[in-house]
Amino acid sequence: MERRRGGLRAIAAEIPRIAGAALGKRGFGEAQLVTQWDAVIGSELAAKLAPERLSFTRGERKNGTLRLRVASAFATEAQHLEPVLIERINAFFGYGAVARLVLVQGPAPHAATATPPPRPLSAAEQGVIDARVAGIRDPELRDALARLGTAVASARRN
């Protein structure tokens, strides 16, 4: 049985422990590669490429093969960027973890995460938010809560 730990911890520090088992089945023993993918290869490339599986020869943890999902329109360019991508990934790990990439064409990795733009608030909705925060003395807190209320109200679809 796992012993409980007291105190607050950053969620990013706990991701490997929480998701490690599930990601390990897909070859991602180092869960940080998935959770920090944007930082590893850059946000522009991360929008077109997503890691699917990292596999090694039995008993080895180097010179592995990283399987990437790539948007079909970007596949040819991704092939030409393979040395750069491998260099960035290995720099992240700090050793030669990846020797080659396997590109699997499919829908863009982040296509489904696009959110619709927020709708504008009516005067009545904005009045309700302004009335709720009017009694707050601290101007920074009042402004922050007003922005939060506006974001929440504009995210609701009627």
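Q: Hi! Where in the chain is confidence lowest, and where is it highest?
A: Hello! This is a predicted model, and its confidence is lowest in helix 1 (residues 11-24), with a mean pLDDT of 57. Helix 7 (residues 123-133) has the highest, at 93.

Q: And what does the chain average?
A: The average pLDDT is 80, and 74% of the residues score at least 70.

Q: Where does pLDDT stay under 50?
A: That happens over residues 25-29. For this stretch the model has 16 contacts beyond four places in sequence.

Q: Okay, on to the fold. How many helices and strands are there?
A: The chain has eight helices and three strands. Reading from the N terminus, the order is α-α-α-α-β-β-α-α-β-α-α.

Q: Which strands pair, parallel or antiparallel?
A: Strand 1 and strand 2 pair in the antiparallel sense, over six bridges. Within that pairing, Arg 53 has Arg 67 in strand 2 as its bridge partner.

Q: Is strand 1 mostly covered or mostly open, and how many of its residues are buried?
A: Mostly covered: five of the seven residues in strand 1 are buried.

Q: What about Arg 53, then: buried or partly exposed?
A: Arg 53 lies in strand 1 and is partly exposed, with a relative accessible area of 36%. In space, its C-alpha is 9.9 Å from that of Val 34, a residue 19 positions away in sequence.

Q: Switching to charges. How many salt bridges does a search of the whole structure find?
A: Three. One of them joins the side chains of Glu 52 and Arg 67, at 2.8 Å from N to O. Glu 52 is in strand 1 (residues 49-55) and Arg 67 in strand 2 (residues 64-71), so this pair ties together parts that are 15 residues apart in sequence.

Q: Which other residue forms a salt bridge with Glu 52?
A: Arg 69 does, with the closest N and O atoms 2.7 Å apart. Since Glu 52 is in strand 1 and Arg 69 in strand 2, that pair ties together parts 17 residues apart in sequence.

Q: Which residues are joined into one network by shared partners?
A: Glu 52, Arg 67 and Arg 69.

Q: Why would side chains like these pair up at all?
A: In general, side chains of opposite charge can pair when their charged atoms come close.

Q: Now the nonpolar side. How many residues does the largest core have?
A: The largest nonpolar core has 23 residues. Those with the most contacts inside it are Trp 37, Ile 41, Leu 49, Leu 66, Ile 89, Val 98 and Leu 101.

Q: Which elements each supply at least two residues of this core?
A: On the helical side, helix 3 (37-41), helix 4 (43-46), helix 5 (75-80) and helix 6 (82-93) do. Strand 1, strand 2 and strand 3 (98-106) do too.

Q: What does Trp 37 touch, not counting residues up to four places away in sequence?
A: Trp 37 touches Gln 32, Gly 42, Ala 46, Leu 49, Ala 50, Pro 51, Leu 66, Leu 68 and Ile 89. Among them, Leu 49, Leu 66 and Ile 89 also belong to the group with the most contacts inside the core.

Terms used:
Residues are numbered from 1 along each chain as its sequence is written. Side-chain values use heavy atoms; hydrogens and water are left out. A salt bridge is a side-chain nitrogen of Lys or Arg within 4 Å of a carboxyl oxygen of Asp or Glu. Helices (H or I, at least four residues) and strands (E, at least two) are DSSP runs, numbered from the N terminus. pLDDT is the predictor's confidence in each residue, from 0 to 100. Contact means heavy atoms within 4.5 Å. Buried means under 20% relative accessible area, exposed over 50%, partly exposed in between (1.4 Å probe, protein chains only). A nonpolar core is a set of buried Ala, Val, Leu, Ile, Met, Phe, Trp, Tyr and Cys residues joined through side-chain atoms within 4.5 Å. Two strands pair if DSSP finds at least two bridges between them.
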